[in-house]
Amino acid sequence: MILYWLFITVAVIQCGYAVYFFVRVFYLGVGAPMAELQQHAVSLIICAKNEAENLKKNLPLILSQRYENDKGKANYEVIVVNDASTDDTADVLKELELQYDNLWDVVVPKDAVRNLQGKKYALSKGVAHAANDWLLLTDADCAPASDLWLQQMIAPLAKGKSIVSGYGGYNKAPGLLNAFIRWETVHTFLQYSTYTIAGMPYMAVGRNMACTKEILQAAQQSKSWDTLPSGDDDLLVRIAGTAQNTAVVCNQTSFTYSDSCKNTKDWVRQKQRHLSTGKYYKEEIKILLGGYGLSHAILWIGFMVLLFSPFWKATTALMVVRCLVYWIIWIVTAGKLKEKSLIYLFPLFDIGWMVYNFAFFPYITWKNKRHWK
């Protein structure tokens, strides 16, 4: 009987959470390029460590964005911070610099005396060299979905916003691991985008985000900025993001794509690093996200147990209602993010996300991943 009432409680919590937060994804507009933006120059920063092959493949796409000034020249610069690479990164950049006059490389030597950890130091060098006060950040392994990517991502800056979160997806590949990684990425976007719309921004994705130079430099002066070697995206929002200055872009031309991890070991290492920033969220955010994850786990465990009890009919009916609410929201979200092929896997990954949370619980709550690369 106690478990039955607990199940009812968490089912109500889950539905209430979806109605208050997740349905806001319906209001994410597609946006449109703004011609007047092309008068405001942009600095695009990429921190790269042993990324020769990715730079060779993706930089030409980044350097071919449709963003020109009134003279017909590219109105943005691309700064690649070569962070003590030992591969052919330097040679690739030299070759591309001969082709593009808006590409610059900043070299961080191996023996550099660092005042910040990991990627934070490389990023600070890129920001210091940026000539413009609007910044667009991505990673070397990311390819823009279109040549309108830059325009779409910085459009909210023209409307007075200071931080812009975009969607960084993963390329489709065979295998269940790739499908789950893509599903989890969609789910994460659903969370942080709807929280942002609700006036409670708490994270962004560093492989596709824009901000003003002023707000990033201010965040870099915070005592909490150097708590981790990475996590600059989430910490920027944690330190400086507000309901008024943060926006989300969800236009299919504004996405970036990269290849997902090809094996479980690499993916686990990546998630340990990503999830290490969660413990630095604001307390109310941690409570809400923790309550969502806990209620989700209790819901599925309780459902499985109650199926073998006298309450199985009522339990099943309530679970059907909850799943319909969530799966409709996920179908809409998948459509917006061009991930419709995941729809038939939603029931499986809904349960899988419970296992995911149990597996990564230490990194969500107290452990830190101390390496960037």
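The model is a predicted one, and every value below was computed from it.

The protein as a whole comes first. Its secondary structure comprises 12 helices and 10 strands. The radius of gyration is 21 Å, close to the 21 Å that the globule rule gives for 373 residues, so the protein is as compact as a globular protein of that length. Along the principal axes, the C-alpha atoms fill a box of roughly 75 × 45 × 40 Å.

The next topic is the interior and the surface. Of the 373 residues, 55% count as buried, a term that stands for a relative accessible area under 20%. Contacts can also be sorted by how far apart the partners lie in the sequence. Among contacts with a separation of 6 or more, 83% are between residues 24 or more positions apart. The protein exposes about 16600 Å², and 60% of this area is supplied by carbon and sulfur atoms. As for charge, there are 38 positive and 31 negative side chains. The centres of these two sets lie 8 Å apart.

The last topic is the backbone angle phi in two loops. Most residues other than glycine have a negative phi. Asn-50 is not a glycine, yet its phi is positive, near 55 degrees. This residue lies in the loop between β1 (42–48) and α2 (52–62). Asn-50 counts as partly exposed because its relative accessibility is 35%, a value that falls between the cut-offs of 20% and 50%.

Lys-338 also has a positive phi, of about 60 degrees, although it is not a glycine. The place of Lys-338 is the loop that runs between α11 (312–336) and α12 (346–365). Its relative accessibility is 52%, and Lys-338 therefore counts as exposed, since that class begins over 50%.

Note on methods:
Residues are numbered from 1 along each chain as its sequence is written. This is a predicted model: local features need pLDDT of at least 70, side-chain atom pairs count only at pLDDT 80 or more; totals for chains, interfaces and linings use all residues. Side-chain values use heavy atoms; hydrogens and water are left out. Helices (H or I, at least four residues) and strands (E, at least two) are DSSP runs, numbered from the N terminus. Buried means under 20% relative accessible area, exposed over 50%, partly exposed in between (1.4 Å probe, protein chains only). The radius of gyration is taken over C-alpha atoms; the globule rule is 2.2 Å times the number of residues to the power 0.38. Contact means heavy atoms within 4.5 Å. Accessible areas come from the Shrake-Rupley method with a 1.4 Å probe; for residues, only the protein chains shown count as cover. Lys and Arg count as positive and Asp and Glu as negative; His and the chain ends are not counted. The place of a charge is taken as NZ of Lys, CZ of Arg, CG of Asp or CD of Glu.
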